[in-house]
Amino acid sequence: MTTISTTPSSTPGTVRTRTSYGTLWATTPRELGFLLPNLLVAVLSLGVLSTLFFTGVGMIAIFVGLFIVVATLYTARGFGALELVRLRWAGRPEITRPRWEKTEQGPGFWRATLGPLIDGHYWLYLLHGMIVLPIIGILSWTVTIVWLAVGLGGVTGWIWDTIWPDSGDDLLLHRVILDWAFPGNDWVVDPALAENLLMVAVGLLFLATLPLVTRGLTLLHDAIARGMLSAWRSDALSREVASLAASRGAALVAEDQSLRRLERDIHDGPQQRLVRLQMDLASAERKLESDPDSAKAMLVEARTQARDTLEELRALSRGFAPPILQDRGLIAGLESLAARSTVPVSFELALHPDTRLAPEIERSAYFVAAELLTNAAKHSGATAIRLHLAARQSEGQDWLDLWVIDNGRGGAAKRAGHGLAGLEDRLNGLRGVLSIDSPAGGPTAVGAHIPLPR
């Protein structure tokens with residue numbers, strides 16, 4: 001018994017955003033929150049890292065300095081991480097951080113302790129924290145303070161002028177600008193009023209351009225951080241090579257196990273039947289003239305054995321690629337599996353019924369589903385099974401999710417040399433993931449998650 005339910009997939013629309021002057025003002029408070037503490041962060045970074053680094057270099061002859069230099073590199077990593085967090089709080093896009101844990105280096109005290117000394121990322125973080133950050137931090141803080149002071153002071157200067165009036169000898173407009181442009185001028189009726197109007201205009205100009213200044217200074221910090229504190233492309237390539245090597249090894253192991261299992265099944269099943277069939281036919285041939293009735297009975301039995309052998313070979317061939325999978329695709333193949341199951345299967349489909357995937361993905365998904373349904377029927381004691389097929393997107397990667405959920409006794413686990421471990425190796429060959437949730441008493445949910453090419 002098979003129940004099929006189909007849920008059409010939907011693609012969300014694309015939302016376009018553009019930067020406007022209002023948007024710049026909306027992010028200005030966050031950018032000010034990033035820029036105003038820059039003096040404190042720069043001074044702390046310079047003071048702490050310089051003290052530790054030069055102390056370590058000075059004591060390196062007695063070997064203790066080596067550990068102090070390593071501690072300096074870890075401290076520089078902390079200041080770099082703080083810069084990335086602050087940029088994130090300021091509204092800048094996430095910067096991919098280096099992969100600090102180098103599992104491929106192997107164990108060992110000295111390798112783990114002195115590893116930062118041969119990691120270029122640590123030295124870049126030290127260069128950033130001890131030289132670059134103090135320079136750009138103090139520069140950006142100074143520009144921000146000046147822009148804020150002139151803007152706010154110019155707009156509110158007339159208020160303080162009424163509270164603390166002065167003699168007018170230091171009026172910028174009257175004593176500097178107008179006297180320089182018009183020597184001996186006396187046509188300004190009220191120099192103090194003209195001075196206040198000029199300062200308000202200057203203050204408004206600085207405040208109007210404040211979002212541009214904060215955005216530019218934040219982008220400067222962001223560009224430097226991306227160049228010095230982010231992961232290198234070679235890091236991603238190295239991880240990709242390691243992942244592909246692991247996937248290839250897992251695929252070879254899974255293929256070897258499949259071939260060994262197929263060889264064992266053929267040896268224990270069809271091969272033994274064919275040997276017996278050959279012996280029965282030889283016996284029937286010898287008795288054909290002397291005892292035709294006995295020979296006829298043996299030929300009937302031989303025909304039965306030939307039929308059983310053919311059925312067994314067909315069952316074994318389903319482990320490769322059944323014709324329905326090649327002709328009509330994965331969805332039709334899963335429907336066939338669900339229909340043949342000895343336990344009622346509810347097939348839940350969250351894809352378009354005409355969806356076709358890459359042949360290797362369809363074969364692996366079909367094999368995993370067949371194995372999981374067989375295991376559930378044989379070992380779980382379930383009375384109902386759900387087979388769920390869907391696609392999703394996670395972190396820019398499309399995934400195919402295949403779940404087999406039964407209401408059996410639970411307790412399923414991966415054990416070396418057993419079915420679930422073999423399925424995991426097969427999925428690893430496609431860089432997929434096998435997830436198992438099977439508490440004692442059930443239910444059991446086993447999911448195969450396969451990345452899809454874009």
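This is a predicted model: local features need pLDDT of at least 70, side-chain atom pairs count only at pLDDT 80 or more; totals for chains, interfaces and linings use all residues.

I started with the largest nonpolar core, which has 34 residues; Leu-330, Leu-334, Leu-387, Leu-389, Leu-400 and Leu-402 touch the most other members.

The largest share belongs to α13, with 9 residues.

I then picked out Leu-334. Skipping residues up to four places away in sequence, I found Leu-334 touching Phe-347, Tyr-366, Ala-369, Leu-387, Leu-389 and Leu-402.

Another core lies apart from that one; it has 24 residues, including Leu-49, Leu-73, Ala-76 and Val-132.

**A serine in α2**

Is Ser-45 buried or exposed? I got 0% relative accessibility, so Ser-45 counts as buried. Ser-45 sits in helix α2, which covers residues 38-58. Leaving out neighbours within four places in sequence, I listed Ser-50, Phe-79, Gly-129, Met-130 and Leu-133 as the contacts of Ser-45.

**What the record says**

I looked up UniProt too: the unreviewed entry gives "transmembrane region" for residues 34-54, 60-82, 122-150 and 197-220.

I checked two of these stretches against the model. Residues 34-54 are 90% helix and 0% strand, with 29 Å between the end C-alpha atoms. For residues 60-82 I noted 83% helix and 0% strand, and the end C-alpha atoms are 28 Å apart.

Conventions
Residues are numbered from 1 along each chain as its sequence is written. Side-chain values use heavy atoms; hydrogens and water are left out. A nonpolar core is a set of buried Ala, Val, Leu, Ile, Met, Phe, Trp, Tyr and Cys residues joined through side-chain atoms within 4.5 Å. Buried means under 20% relative accessible area, exposed over 50%, partly exposed in between (1.4 Å probe, protein chains only). Helices (H or I, at least four residues) and strands (E, at least two) are DSSP runs, numbered from the N terminus. Contact means heavy atoms within 4.5 Å. UniProt positions are given in the numbering used here, feature names are shortened, and annotations may be inferred rather than shown by experiment.
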